[in-house]
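Dear colleague,

Please find below the structure I am handing over to you, together with its sequence.

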Amino acid sequence: YGFINTCLKSLVVEKYGEETWEKLRLQAGVQDSFLTFEVYKDEITMQLVDKACKVLGVPADLVLREFGKYFFEFCKRSGYDHMLRTLGGNLYEFIENLDALHSYLSLSYQANFGFVCFLPQEMNAPSFRVEKNEDGSMHLHYYSDRRGLCHIVPGIIGAAALDFFNIEISMKIVNQTEEEERTGKKEHIVFLVTQNPLFPCKERKEFSSSSQCLVDSEKQTETQLSKEDLEKSKNASGDTGNSVCPVKKSHWKTLRGIITLGKGKLLRGFDPVYPKSLWIDTKTFCNGLPFHMVFDKELKVKQAGVSIQKIVPGLQTMGICLDQYFRIIHPEVPFTISSIQKFINSQFVFQTRREMMPESWKERPMLELRGQMMWMESLQCMLYLCSPLLRTLHELEERQMHIADIAPHDVTRDLILLNQQRLAEMELSNQLERKKEELRVLSKHLEEEKKKTEALLYAMLPQHVANQLKEGKRVEAGEFKECTILFSDVVTFTNICAQCEPIQIVLMLNSMYLRFDRLTTVHDVYKVETIGDAYMVVGGVPVPVPTHAERVANFALGMIMAAKGVENPVSGNPIQIRVGIHTGPVLAGVVGEKMPRYCLFGDTVNIASRMESHGVPSKIHLSSSAYQCLKYKNFEITERGEIEVKGKGKMHTYFLIRNKSATENEIMGRP
């Protein structure tokens, strides 16, 4: 489910940042977000883990162990905290009941959601078997269809032990094998689990047998009350009978006496009392537990409940072999007494065999039973106490069963009804998640389109001007006391147009303007406009800068170099351009509403245009004011002298040759 992939994403983002997750997911080739209850392929998660190892430079076992720790916390934050805490009173009971947790979650998720499964797809969750050792340690047997994920187990179990039971454990692999099961090879890992309590010194003395905390919670209790204390408590409460809490006396008095004499500590020891003979007849037992079965070592049925007999009539013939009518779905073990005894603490799921069912069941889904196995040593028989494994009313109807077929005391009745409501809520949650994901994707696309629109707008207008227009504000015209303006055009452009196809002209100008546009970014100057072959640039507008003349001068040098790479479609030689530069004051503002343009006004624009039109091919023509701004800035400049300028009379002008302190690559913005 997406829950696992979401957890992995959360771990990477929280510990390494969004950029690392983005890099990791792109390398893995997976989407950015996952729906909680959506089923995804195993390969997606395996790819994420593999790429995490490479991107983070961490071995796989450490990644999985770290993920295990984080997954435990992620489950708690996701609302599973109380469910996990109530699995057992100690670590042994906690692990012993993990299979039961998987079984419960399968009802809601309609697949085996594994708390320590790592990949809860529509496959069996891992199975656990735990053995107590005399020294207080445990052997934890881990069975899984998925190989190579065993290192996640120490991470989760270790985090649970520390959080729930205040003990620090160490887990090491002592055996690793592959076992042939009904569905193929299953990885079988055996961990040796040892622990050290994290209690303060005083509490450690009280927990003198602390190593047994892992094995049996009853052996971790406070100092037991002595028989003498019990006798005194009886006398104190006025009890002369043989029972600690007799029926006819107030049991609260006895309890009060026990607590007082025991210095406020409750007695935890308990010895059950069994009747000399069983006070229930066979008929009542089979009716009261309608889905139970008893079978011996040879799997021969000795007894069965009435409801299971009704569904599987073959069970009415005592002595038939159970494996003829059922197969074991979970845990995936061979149908033998020895295999069942090995996993006796697990919940067993049986499924009826279609070929052995009555004709009326041929078209229905097969019935599944879930329950526990209990070995009866005195009878050398196994008791299977079970109930129908049904998730919803729909599944009940598919099998043409009714609530009445389930015993009134069986919580399966309530579970079906409650789960029906829960599944409806989950479906609603799924729909909301899908809508949320659709909105996220649409929002992302909208943001991308917005960026494209803004980029286009910023290409037409200065950014601060464009932002003001977007906000609906009026852009006031501004006066700039000093800026540098550049004009350029293509030499003999009119003759070229007369001798070429229009598409050739467009291709030539596009090639030239692309080069020039890149240079505006390199030298941080503002492109005002292009009209035909004329290209206009300004420095110091719309943002005033003291280096406006140097920026435009370097840009002009880059233009001359870039033009050599553009071919004249008539002659086949590089085109030639004229460039003119002038420095002076201008007025700038936005003109028009339908296609607004940021325009410059003033005599400075006219003089800059005259510098270009009176220029020389492949030369940069400077006015005297532009020369004054550049003469001490490390540029090589030669004097042209006085020339007659149309509408301006005589003007003293100059040619810009090169930048003495910059290389060609620096001018062109190449690395």
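I begin with the pocket. Four elements, α6 (98–109), β9 (368–376), β10 (381–388) and α15 (412–460), each contribute at least two residues to the lining of the largest pocket. Please bear in mind throughout that this is a predicted model. The lining comprises 27 residues, and those nearest the centre of the largest pocket are Q347, R370, G371, Q372 and L385. The volume of this pocket is about 620 Å³.

One further region deserves mention here. An unreviewed UniProt entry lists residues 418–456 as "coiled-coil region". In the model, that stretch is 100% helix and 0% strand, and 57 Å separates its end C-alpha atoms.

As to the chain as a whole, the secondary structure consists of 22 helices and 18 strands. The protein chain has 671 residues, of which 46% are buried. Among contacts with a separation of 6 or more, 60% are between residues 24 or more positions apart. The accessible surface amounts to about 35400 Å², and carbon and sulfur atoms account for 53% of that area.

I turn next to charged pairs. Side chains of opposite charge can pair when their charged atoms come close. How many salt bridges does the structure hold? The count is 24, and three of these pairs are described below.

Which residue forms a salt bridge with K76? The partner is D163, with 2.5 Å between the closest N and O atoms. This pair connects distant parts of the chain, since K76 belongs to helix α4 (residues 60–85) and D163 to helix α7 (residues 152–165), 87 residues apart. Is K76 buried or exposed? K76 has a relative accessibility of 17%, under the 20% cut-off, and therefore counts as buried. D163, by contrast, has a relative accessible area of 29% and is partly exposed.

A second salt bridge joins the side chains of R129 and E131, at 2.7 Å from N to O. R129 is buried, its relative accessible area being 13%, whereas E131 is partly exposed at 32% relative accessibility.

Elsewhere, salt bridges with shared partners connect E73, K76, D81, R85 and D163 in one network; K76 and D163 are the pair already described as linking helices α4 and α7.

Finally, a word on K650, which is located in strand β18 (residues 649–659). Because its relative accessibility is 62%, above the cut-off of 50%, K650 counts as exposed. Which residues does K650 contact, once neighbours within four places in sequence are left aside? They are E642, I643 and E644.

With kind regards

Definitions and conventions: Residues numbered from 1 in each chain as written. Predicted model: local features only at pLDDT ≥ 70, side-chain atom pairs only at ≥ 80, totals over all residues. Heavy atoms only, no water. Salt bridge = Lys/Arg side-chain N within 4 Å of Asp/Glu carboxyl O. Buried < 20%, exposed > 50% of the residue type's maximum accessible area, 1.4 Å probe, protein only. UniProt positions renumbered as here; feature names shortened; annotations may be inferred. Contact = heavy atoms within 4.5 Å. Areas by Shrake-Rupley, 256 points an atom, 1.4 Å probe, with all protein chains shown as cover. 1 Å grid on protein atoms, 1.4 Å probe; cavity = no way out; pocket = protein on both sides within 12 Å on 5 of 7 lines; lining within 4 Å. Points joined across faces, edges and corners; volume = space filled by probe spheres on them.
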